[in-house]
Amino acid sequence: MSTLFEAIPFVENPLYERIISDIARQKYAIIDDFFKDDTVLALRTALLEKYEDDVFKKSAIGNKTNAVVKKAIRGDIILWMDERFCNAAEQLFFNKINDLKDYLNRTCFLGINQKEFHYAVYPKDTFYKRHLDTFMNDDRRRLSFVCYLNSEDWQPKNGGELVLYLENEAKTIYPFPGKVVIFESNVLEHEVKPVHTPRLSITGWLKTR
C-alpha cells in the first residue's frame, strides 16, 4: 500500500531547497523573497491594527511552566497567533508555513508536527539578551523563524539587529521588511540589539511532538 507521500507527486521547490542547503551548511538561512510584498504589507497592517486594540502582552522568558517577565533580559511585547481564528493575511502566512513544514518533513524527515507563532513589537530602547530558543525542560523547538514587518523606510540606524552567534563569528542581520531568518533553535544562541525605532515582526517555531 502506498503511503500518502508516495501518492502525492513530488515537485522540487528551489526556494525550500535553498533554505535546506543553507541550514545544513551554516545552521541558518536568510531569505528576502519568502513572502510576496503585498503579503508583508497586509501582515504589517494586521499587526498594527491589533496593537492599536491594546491586546499585546509583555513577553516572558521560559516556557509555559516557568515563564517569568524580566525586562532586563527581554523587552518585547507579543500577541500569539491562532490559525483557527485568523484574517486573510494571516491565512496566507500559515499556508506558506504549512507548505514549508510539509516539504521539510518529506525531504528531511524532521518529524515537525507542531508550530507556534506570535506577533512581536519591540518598543524604543528594548532588546533581548543572548539566549537559546530551547528550554531545559522542553527541547521540541527544531527551527526558529522570524519575519520582519518593519516599514519600507527602515534603516540600520533604527537598531534592533538580530545577531546569530556562530562557531567562529557573530552574524548581524538587519530587520528589513520582508526578510525572513530561519535557524536551528537548539544550536544558535542569538540576541536582539537595542531598538531605537519600534521594531515589528512575526516570530515562531517549528516543533516536534
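## Phenylalanine 93 and its contacts

Leaving aside the neighbours within four places in sequence, phenylalanine 93 is in contact with Phe35, Leu43, Met81, Phe117, Phe145 and Ile202. These contacts, like everything that follows, are read from a predicted model. With a relative accessibility of 0%, phenylalanine 93 counts as buried, and phenylalanine 145, one of the residues in contact with phenylalanine 93, is likewise buried, its relative accessible area being 2%.

## The nonpolar cores

The largest nonpolar core has 37 residues, and the members that touch the most others are Phe34, Phe93, Tyr119 and Phe145. Helix H4 gives the most to this core, contributing seven residues. Another core, of ten residues, lies apart from the largest one and has Tyr148, Leu162, Phe183 and Leu188 among its members. As general background, nonpolar side chains in soluble globular proteins tend to be buried together.

## Aromatic pairs and the aromatic cluster

The structure holds 14 aromatic pairs. In one of them, the ring centres of phenylalanine 93 and phenylalanine 145 are 6.1 Å apart and the ring planes stand at 80 degrees; because planes over 60 degrees apart count as edge-to-face, this pair is edge-to-face. Since phenylalanine 93 belongs to helix H4 (residues 88-108) and phenylalanine 145 to strand E6 (residues 141-148), the pair ties together parts that are 52 residues apart in sequence.

A second pair joins tyrosine 174 and phenylalanine 176, whose ring centres are 6.2 Å apart and whose planes meet at 50 degrees, so that this pair is tilted. Tyrosine 174 is partly exposed, with a relative accessible area of 31%, and phenylalanine 176, at 31% relative accessibility, also counts as partly exposed. Phenylalanine 93 and phenylalanine 145 also belong to one aromatic cluster, which is formed by Phe10, Tyr16, Phe34, Phe35, Phe93, Phe94, Tyr103, Phe117 and Phe145.

## The four-stranded sheet

Four strands, in the order E5-E10-E7-E8, form an open sheet in which the pairing is antiparallel. Its edge strands are strand E5 (128-131) and strand E8 (170-173), each of which pairs on one side only, and the twist from one strand to the next averages 15 degrees. In general, the strands of a sheet pair through backbone hydrogen bonds, either parallel or antiparallel.

Within this sheet, strand E7 (residues 162-165) and E8 run antiparallel and are joined by four bridges. Leucine 162 stands opposite isoleucine 173 in E8, and leucine 162 is also among the members of the ten-residue core described above.

## Charged groups over aromatic rings

## Positive phi values in two loops

Lysine 27, although not a glycine, has a positive phi of about 80 degrees. Lysine 27 lies in the loop between helix H2 (14-26) and strand E1 (28-31), and is partly exposed, with a relative accessible area of 33%.

Aspartate 125, which is also a residue other than glycine, has a positive phi near 75 degrees.

Technical notes: Residues numbered from 1 in each chain as written. Predicted model: local features only at pLDDT ≥ 70, side-chain atom pairs only at ≥ 80, totals over all residues. Heavy atoms only, no water. Pairing = 2+ DSSP bridges. Axes fitted to C-alpha atoms, helices over the stretch in contact; angles between N-to-C directions. Phe/Tyr/Trp six-rings, centres within 6.5 Å; stacked < 30°, edge-to-face > 60°. Buried < 20%, exposed > 50% of the residue type's maximum accessible area, 1.4 Å probe, protein only. Core = buried A, V, L, I, M, F, W, Y, C linked by side-chain atoms within 4.5 Å. Contact = heavy atoms within 4.5 Å.
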